[in-house]
Structure formats: structure tokens, C-alpha cells
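Could you look over the points below before we discuss this model?

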Amino acid sequence: MKLIFSPSNFLLIIFSLLAVISLSPILAISLGLVYSLFYKNNAQEILIKVSTIPLQIGIVLLGFTISTVTLIPIIDAYVIWVLFFIIFSFVLSCILGKAFGLDTKLNILLASGLSICGATAIALVGPIIKASSRFIFISLAIVFSFNTLAIIFFPLFGDFFKMSNYEFGVFSALAIHDTGSVVGAALAFSNPSVEVAASLKILRTLALIPLILLLNYKFNTNKKGFIFPSFIIYFFVALTVANIFELPYTLIEYLKILSKTFIVLGIFCIGLQSSKIEYKELSFKPLVLALIVWLCVIPMAYFISVA
């Protein structure tokens with residue numbers, strides 16, 4: 001009984017309920033940050049058990065609510081730009097890393113995270129190139145910091161520049177690293193932005209396949225396969241089911257609410273990830289490299305989205 005009704009668990013329940021009731025990504029990540037500040041060990045234990053499962057469930061459920069009538073024109077209009085941003089970010093990261101004298105493996109981790117899908121790319125690439133835990137930590141810490149800033153400030157940016165729902169969806173998908181943070185920022189801006197943002201970000205995540213195959217060939221002498229993020233596969237399964245079978249309108253609306261609920265819970269867990277970070281261990285050069293790349297990408301993503 002003492003364990004169940006401890007102050008840390010009580011606060012966790014209250015914060016989780018506040019996040020779900022509000023359905024606000026900004027409030028959710030803020031509550032996660034506050035909780036991890038006071039209960040660091042508890043936050044880490046929760047992450048071990050839960051990790052990104054709520055966020056992945058939310059994105060899969062989102063697949064049931066997206067129509068190919070909307071999806072195909074979005075992908076057709078921006079597939080070239082998505083490829084351009086992936087290549088530009090990766091190449092620029094590699095060039096800067098070489099100029100800064102960074103270790104090759106750290107450089108690859110940063111380039112992968114900044115160009116494709118943040119923490120997911122880093123987590124998959126790290127073991128393949130046999131990167132040290134310190135390099136993986138540095139890369140994850142930088143990406144987490146940028147994602148947190150994006151969820152909080154990108155919706156304000158969109159409001160300030162009076163971006164449309166469609167424009168902000170494109171902007172967030174091109175400029176933010178992690179899939180969850182893209183969806184979170186879009187949800188904080190408006191509900192219609194989420195569909196556009198998720199569609200383009202999922203497309204961007206598919207670039208993991210050629211990247212990991214290439215790195216696996218170069219670094220992994222055992223030539224073993226790799227595990228592609230399963231939630232992306234399930235997202236496409238949900239998308240296919242929803243467009244083959246005509247789902248009732250009420251069911252789609254219910255799934256939208258359920259998707260938003262899980263996404264917000266997932267963003268709360270993103271806030272908890274700050275418990276893993278010891279900022280004093282971060283190196284200056286990798287942080288500067290990542291910041292330069294991001295500051296180059298943000299204005300480009302904006303002008304492309306509003307063009």
C-alpha cells in the first residue's frame with residue numbers, strides 16, 4: 001500500500017490525468033519535465049517499462065483516420081523536398097563533423113538523427129556501427145533537447161507567422177526530428193495539421209531502410225539484418241484497412257480522440273526522458289554542429305511550406 005500511494009505515484013497519476021484531460025502536447029511535455037525533475041529515478045523506471053509505446057499506439061491509430069485521398073497528393077507534392085532535406089541535413093552534418101574533428105561514429109549518429117527520425121535513427125544506427133554508449137547518449141541528449149524546444153515553440157512560431165494548418169503540417173514534418181515530436185507539435189497547433197505532418201514524417205522515416213542497409217554493409221561484418229520500427233509497418237496496415245473498408249464516421253471520430261490521447265501520453269513520456277540526461281556531460285562541438293544544421297533547416301522548411 002505504501003508503494004502504491006507514494007507521493008511520486010500520486011503525482012504521476014495527477015500529471016497523467018491533467019495531460020489526457022487537456023490533450024495539450026505543450027502541457028504534457030511540461031508536466032513530464034517537472035515530474036522528472038523531482039522524481040528522476042521514478043521517471044527512469046517508468047521509461048524502462050513504458051518507453052515510447054503510448055506514442056507508437058497513437059500514431060498507429062492515426063493511420064485509421066487518414067484517407068489516401070488526402071495522403072497521396074501530400075506525398076506527391078513533397079516527396080522530392082523530403083528527399084532533399086534528408087540528403088542536405090546528412091551531408092551538412094558530415095561536413096561539419098569533419099571540420100570540427102568529431103569522431104566518425106559520433107558524426108554518423110548525429111547525421112542520422114538530424115536528417116531522418118531523431119532518437120529512432122540513433123537507437124538503430126548505434127549498435128550497427130558499434131558506437132560507444134557515450135556517443136549514443138550525446139546524440140540522444142541533443143535530439144531530445146531540440147524536440148522539446150520544437151513541441152513548445154514551433155506552434156508559437158506557426159501562430160506568429162499566421163501559417164495555415166496545411167503549411168504548419170509540412171513545416172513541422174520537415175524541420176523536427178522525431179516522429180512523436182512532429183505529431184506533438186502539429187497537434188499543439190491544430191488537429192488538421194496532424195494528418196499532413198504524420199504523412200510526411202512517416203515518408204521521411206522510410207529513409208531508415210537504405211541508410212541502415214548501407215551502414216550494416218560497411219560496419220557490421222556479421223551482415224545481420226536489422227529491426228525496422230514496427231509501428232511504421234502497423235501505421236501502413238491501419239491506413240490500408242481504413243481505406244479498403246469504409247469505416248463509420250463515429251468510429252473514425254472515436255479513433256481520432258483515442259489517437260490524440262495516446263499521443264499526449266507519449267509526449268508526457270518524452271518529457272520524462274529528461275531524467276536520463278546529464279547535461280554537464282554534453283560536448284560543445286556536437287551541440288554546435290546540431291544547432292547549425294537545425295538553424296539551416298528551419299528557415300528552409302518554412303519557405304518551402306508557405307511557397
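1. The model is predicted, so local features need pLDDT of at least 70 and side-chain atom pairs count only at pLDDT 80 or more, whereas totals for chains, interfaces and linings use all residues. Residues are numbered from 1 along each chain as its sequence is written, and side-chain values use heavy atoms, with hydrogens and water left out.

2. The largest nonpolar core has 97 residues, of which F154, F171, L200 and I267 touch the most other members; such a core is a set of buried Ala, Val, Leu, Ile, Met, Phe, Trp, Tyr and Cys residues joined through side-chain atoms within 4.5 Å, where buried means under 20% relative accessible area with a 1.4 Å probe, protein chains only. Helix 6 (residues 104–129) gives the most to this core, with 13 residues, helices being DSSP runs of H or I with at least four residues, numbered from the N terminus.

3. Leaving aside residues up to four places away in sequence, F154 touches L149, F168, F171, A175, I176, A185, W294 and I298, contact meaning heavy atoms within 4.5 Å.

4. The structure holds 19 aromatic pairs, counted when ring centres of Phe, Tyr or Trp (its six-membered ring) lie within 6.5 Å. Ring pairs link F146, F154, F157, F160, F161, F168, F171, F189, W294, Y302 and F303 into a cluster.

Definitions and conventions
Buried < 20%, exposed > 50% of the residue type's maximum accessible area, 1.4 Å probe, protein only. Helix = DSSP H or I, 4+ residues; strand = E, 2+ residues; numbered from the N terminus. Phe/Tyr/Trp six-rings, centres within 6.5 Å; stacked < 30°, edge-to-face > 60°.
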